[in-house]
Amino acid sequence: MAAKDRVWFITGASSGFGKALAEAVLSRGERVVLAARRVDRLIDIAQPYGDRALALPLDVTDGEQRARAVDASVRHFGRIDVLANIAGRGSVGAVEEFAPEQLRDQLEVNFFAAAELTRLILPLMRKQRSGHILNLTSVGGVVSLGGFGAYCAGKFALEGWSDALRDEVAPFGIRVTIVEPGNFRTEFAGGVNLRPENRLEAYRQVIGPVEDFLYGQSGRQAGDPDKAAALMIEAVDSPNPPGRLMMGKDAFDLYDRLIAARQKEYDEWRSRGEATAFDGAKALPIHFQRGQAEQHP
């Protein structure tokens, strides 16, 4: 399919990565469903592009709104080729400081919303026998640090779910890419960032520097959302797209340091961990086969 004939469905399209991606895709001549809660912003983005852009109000945590948005998209365009689950919310605070409902809210927006929207669109992509799903997580979807427990919980969940999804849908010609940015100049560290309900002085020594780092750099982060959007489009255009697309030198540096420390710990305890089988039992390898995309002539 020619790029100009593709239809993208982009959540969180009113700001940050979602806005940058929507504008980049529209500028290429492709068709886009722009979905977000702040529909007035979407209309401003969509207006110059006529029927190629469809602005829809969407609270991604609302199941009825998700279903209406998908129905409206199919009525307008007839298909959905790329689903970009961009909407999400950041948070900083010790795990003990967040109220139970705050933790559940974080998982709802950062995991369940993307999972359920994907499940709504998968039947369309299976029928088309093609499609691409971009799930925006974070470097915080593969490594976690104190202060980001609530946020990383949802992103870790989305990563594990996306890995399984990639294997399951590959035979239908559907591809899945997890996008893992570091610090980019978006609203992540702004007013929408979730603050814990119960600030505890006991954690200030640990959490205070994290808050100072995150909020102190708001608006000055090195990452450029427009360049991130261009790289996401490059991945979708690729005949061999990455399963994971990490972005930002800071993300790669953090990942390298924490994974090296994790591997060192595994190595130190490996022999004892391997010795936990019943005496004389033979350990069978865990069955694993990474899904292969269907080959089209």
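Analyst: Happy to! Buried means under 20% relative accessible area, exposed means over 50%, and partly exposed lies in between (1.4 Å probe, protein chains only). This is a predicted model, where local features need pLDDT of at least 70, side-chain atom pairs count only at pLDDT 80 or more, and totals for chains, interfaces and linings use all residues. Residues are numbered from 1 along each chain as its sequence is written, and side-chain values use heavy atoms, without hydrogens and water.

User: Why does Cys152 count as buried?

Analyst: Cys152 has 4% relative accessibility, so the residue counts as buried. Cys152 sits in helix 5 and, leaving out residues up to four places away in sequence, touches Gly140, Val143 and Ser144 (contact means heavy atoms within 4.5 Å).

User: What makes Thr11 buried?

Analyst: Its relative accessibility is 2%, so Thr11 is buried too. Thr11 belongs to strand 1 (residues 7–11). Beyond its neighbours within four places in sequence, its contacts include Gly18, Ala35, Leu58 and Leu117.

User: Why is helix 4 called roughly parallel to helix 5?

Analyst: The axes of helix 4 (residues 100–128) and helix 5 (residues 149–169) cross at roughly 20° and come within 7 Å. Angles under 35 degrees count as roughly parallel, over 145 as roughly antiparallel, 65 to 115 as roughly perpendicular and the rest as oblique. Helix 4 is therefore roughly parallel to helix 5.

User: Which residues make that contact?

Analyst: Among them are Leu103, Phe111 and Leu122 of helix 4, and Tyr151, Trp161 and Val169 of helix 5.

Note on methods: Axes fitted to C-alpha atoms, helices over the stretch in contact; angles between N-to-C directions. Helix = DSSP H or I, 4+ residues; strand = E, 2+ residues; numbered from the N terminus.
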